[in-house]
Amino acid sequence: MKKLFIIFFFFGITSTGFCQLKSRTFEEVDSLQQIQKRKIIVFIHTDWCQFCQRMKTTTFKNQEITEKLNSNFYFIDFNAEEKRDITFNNQIFKYKPSGNNVGVHELALQLGTINDQIVYPVLCVLNERNEIIVQYSNYLSPKDFSLLLEKLKE
């Protein structure tokens, strides 16, 4: 019985010490902006991109980053190869196939294209009016991403 209590106690303490990143959908953010205006951070990635996966396992698992994102921003984790239609900012965006089982979503292209190309991962920051204010296409370590978040809060 004592061992069982200790196990539950240990898991209770460790699980409360870790904050989970709240990822939203574009549709949710449209509604949330009506309640509380915040900047939106869109993480545009693919399943096959190694740097994207690395950011997911390092940067977005960092407790400090998670707390800053949850407190001050709306975060959207967006797979650029998403096949469902997405309504955002009063527009409907669709998946555009470009071959056998390959393609890219129109919204990923709109938010992630820098210098006429999209290179993953892409961070796109939108202001409260859904206008792009920052685009960055490269891996960001937790330290560098934290610095970016501090600048965005200003």
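The structure is a predicted model. One disulfide is counted, and a search of the whole structure gives eight salt bridges.

**Cysteines**
- The disulfide joins cysteine 49 to cysteine 52, with 2.4 Å between the sulfur atoms.
- This link between cysteine 49 and cysteine 52 is right-handed, with 85° about the S-S bond.
- Both cysteine 49 and cysteine 52 are buried.
- Cysteine 124 is also buried, at a relative accessible area of 0%.

**Salt bridges**
- Lysine 68 and glutamate 150 form a salt bridge through their side chains, at 2.9 Å from N to O.
- Because lysine 68 belongs to helix H4 (residues 63-72) and glutamate 150 to helix H6 (residues 142-153), this pair ties together parts that are 82 residues apart in sequence.
- Lysine 68 is buried at 13% relative accessibility, whereas glutamate 150 is partly exposed at 33%.
- Glutamate 150 also meets lysine 153 in a salt bridge of 3.9 Å, N to O; the two residues are three apart in helix H6, about one helical turn.
- Lysine 153 is partly exposed, with a relative accessible area of 43%.
- A network of salt bridges links Glu64, Lys68, Glu150 and Lys153.
- Another salt bridge pairs glutamate 131 with arginine 129, their closest N and O atoms lying 3.3 Å apart; glutamate 131 is partly exposed at 39%, and arginine 129 is exposed at 58%.

**Asparagine 79**
- Asparagine 79 lies in strand E3 (residues 73-79) and is buried at 17% relative accessibility.
- Its side chain makes a polar contact of 3.4 Å with that of aspartate 47.
- Beyond neighbours within four places in sequence, asparagine 79 contacts His45, Thr46 and Asp47.

Technical notes:
Residues numbered from 1 in each chain as written. Predicted model: local features only at pLDDT ≥ 70, side-chain atom pairs only at ≥ 80, totals over all residues. Heavy atoms only, no water. Disulfide = S-S within 2.5 Å. Buried < 20%, exposed > 50% of the residue type's maximum accessible area, 1.4 Å probe, protein only. Helix = DSSP H or I, 4+ residues; strand = E, 2+ residues; numbered from the N terminus. Polar contact = N/O pair within 3.5 Å; in protein donor to acceptor, adjacent residues only side chain to side chain. Contact = heavy atoms within 4.5 Å. Salt bridge = Lys/Arg side-chain N within 4 Å of Asp/Glu carboxyl O.
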